[in-house]
Amino acid sequence: MTQAAILATEQKQSETNPVVLEVRHLTKHFPVGSMFKPRFVHALNDVSFAIRRGEVVALVGESGSGKSTTARLITRLIEPTSGEILLHGIDVLKTQPHSATLEYRRAIQMIFQDPYGSLNPAMSIGFHLERPIKIHQKHRAAQNTVHDLLATAGLNPPDEFANKFPYQLSGGQRQRVAIARALAVDPEIILADEPISMLDVSIRMGVLNLIEQLKEERGIGFLYITHDLASARYIGDRTIVMYAGHMVEGAESTELMRQPAHPYTRLLLSAVPNPEAGLGTGAEQARGEIPSLIDPPPGCPFSPRCPRAMNVCRQVMPETTNLSADHWVRCHLIGSKQAVSSQV
């Protein structure tokens, strides 16, 4: 069974809630080295998932797992080595006219991890919100829209914030400006790349609640990228776990947190504080760090760190095993158990 099984499951779910964005077998290899001895960084390998209207898909994993590369490929900041990116069933990678590309960029917006780095310090907040409106929707009254966007993002009074500059705002306020700017063009999907990682703990919940509000009231779909499973459990309808450029497990967020199947998912969950479990709960153990992504060896990428790795793990990439209608995993340990149980 391959990634096609994942897409088939999501297709059934889309009958009641339409799929807006879908990626199929998305792959990105960055060339390194010389022209005489080419080598490649396998940043992303065969990634497939879909985002429906009003759905939050959480993409979790350590740094270097390919989460941000996925977002940059979807926004077309970089081009993939292979794969498809479909908006309402149309492959945008095959769409060449500038007008069509502009329409795609309106539908797919991104919130970056560093809110200050994504804003021009020499320009006012009002300018940051007016510019995308003028580029994408010139017929709208920009001034009134700017005030509405600031109010929606929880920045009141709007008149005061529109005249401020990024350096005059706190980190949380700057991130809300970034969200307001993304909303300026009425997007269908927002890619939120670690939107709360640089914010104080006291204001993170406000940003997460704003995302939840936009999902419920406007039907915007989100790809929520994070390394924090606690926030993924809070905000995500579905969670996909990535490791070294590969998708290793995916399920509805509550089920994934309750019954993790992949050793790497259990490793991530063991790092999340659980006040009910107390201390000394026997956390999942793993050695080392993410391996080099330059021309990686065959087999499961987690095998060098997995305490239960078998010989087959180091030689063959595991295929996808469905544990339930909405829960799948790529692990030889799970696959071998399924094979044994089916023969009994």
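Predicted model: local features only at pLDDT ≥ 70, side-chain atom pairs only at ≥ 80, totals over all residues.

Residues are numbered from 1 along each chain as its sequence is written, and side-chain values use heavy atoms, with hydrogens and water left out.

**Stop 1: the 4-strand sheet.** Start with the open sheet ordered S2-S1-S4-S5, whose pairing is antiparallel. Its edges are S2 (38-52) and S5 (90-91), each pairing on one side only. Strands here are DSSP runs of E, at least two residues, and helices are runs of H or I, at least four, numbered from the N terminus; two strands pair if DSSP finds at least two bridges between them. Now select 82-87, which is S4: 2 bridges join S4 to S5, and the two run antiparallel. Show Leu87 and you'll find its bridge partner, Ile90, in S5. Contact means heavy atoms within 4.5 Å.

**Stop 2: the 8-strand sheet.** Move on to the open sheet with mixed pairing, in the order S6-S7-S8-S3-S9-S10-S12-S11. S6 (108-111) and S11 (320-324) are the edge strands. On average, neighbouring strands in this sheet are turned by 20° against each other, direction ignored. Zoom in on S6 and S7 (residues 189-193), a parallel pair with 4 bridges; Ile108 stands opposite Ile189. Helix H7 (residues 171-183) lies across both strands, at about 175° to S6.

**Stop 3: a lysine.** Select Lys215 in helix H8 (residues 201-218). Is Lys215 buried or exposed? Its relative accessible area is 9%, so it counts as buried (under 20%; exposed is over 50%, partly exposed in between, with a 1.4 Å probe and protein chains only). Beyond its neighbours within four places in sequence, Lys215 touches Gly54, Val56, Ile220, Phe222 and Asp237.

**Stop 4: a cavity.** Finally, show His262, Cys300, Phe302, Cys331 and Leu333, which are among the residues lining the second largest cavity. A cavity is a set of points on a 1 Å grid, over the protein atoms alone, where a 1.4 Å probe fits but cannot get out; lining residues have an atom within 4 Å of a point. The lining has 8 nonpolar, 3 polar and no charged residues.

Definitions and conventions
1 Å grid on protein atoms, 1.4 Å probe; cavity = no way out; pocket = protein on both sides within 12 Å on 5 of 7 lines; lining within 4 Å. Nonpolar A, V, L, I, M, F, W, Y, C, P; charged D, E, K, R; others polar. Axes fitted to C-alpha atoms, helices over the stretch in contact; angles between N-to-C directions.
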